[in-house]
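Here is a short briefing on one strand, its partners and a pocket. Have the model open as you read.

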Amino acid sequence: MPVLTDGWQIVASNLNLQKDCLLTFLPLSQFGLNLSCYVNGVCGEFYYTINRYLKLGVTIIEDAFVQECFGDNPPTGAYELSYKGSLWTVSISKLHSSYVFFQGWSEVCNDLGIQEDDLLVFEKLDDVLFGLTVYRNKIEIRLSKKVESDEDDVFQISKADYYETLLKDIEEDDNVYIPDENSSFKLVFN
């Protein structure tokens, strides 16, 4: 993992960076980086959260983000969520003391393969549209929407039929040696 050394203390001091904040770096040019600092989970109109409630079908919207971007008009109702050009409709509700993406969130996770403990970065793009970026193991991942298939396109094959076909293919391959009962082997270790 790359480490920033020379000059980093000056940058951290000048920007008044806190110790427990998330930092993201995006390339600007061959020699430049764009630094984003998430304090209390929020950086301008971006916020991050850890996807910890997948089984409940919700993900938390950070309180600091609600205050920063919605002020006295907290979010409720239907919103669009954009990921790599695809859109999903999700609703925002208040659950206990937090706002959450609720209806439609399970579909987003299922369609994209979002997992428990993925780091999710949301960006408020306009009044009813959020962008989404997904990180797994500290790396941005590129998920693609699962392709739906017609039932006619899907078929099942028994395990026995699968192995029978597999063995038949191997037996027909001229380049594969298949030992018979009288074959013997000598193992040589170097």
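Strands are DSSP runs (E, at least two residues), numbered from the N terminus. The model is predicted, so to speak of local features takes pLDDT of at least 70 and side-chain atom pairs count only at pLDDT 80 or more, while totals for chains, interfaces and linings use all residues. Residues are numbered from 1 along each chain as its sequence is written, and side-chain values use heavy atoms, leaving out hydrogens and water.

**Strand β4**

**Partners of β4** 
- Strands pair if DSSP finds at least two bridges between them.
- β3 (residues 42-43) runs antiparallel to β4, joined by two bridges, and valine 42 stands opposite tyrosine 47.
- Two residues lie between the strands of this β3-β4 hairpin, where glycine 44 takes a positive phi near 60 degrees.
- β9 (residues 119-126) is also antiparallel to β4, with five bridges; here isoleucine 50 faces leucine 119.

**Second largest pocket**
- A pocket is an open set of points on a 1 Å grid over the protein atoms alone, where a 1.4 Å probe fits, with protein on both sides within 12 Å along at least five of seven lines; lining residues have an atom within 4 Å of a point.
- The second largest pocket has 18 lining residues, and Tyr38, Phe46, Val121, Glu123 and Thr133 lie nearest its centre.
- At least two lining residues come from each of β1 (22-29), β2 (32-38), β6 (77-83), β9 and β10 (129-136).

Technical notes: Helices (H or I, at least four residues) and strands (E, at least two) are DSSP runs, numbered from the N terminus.
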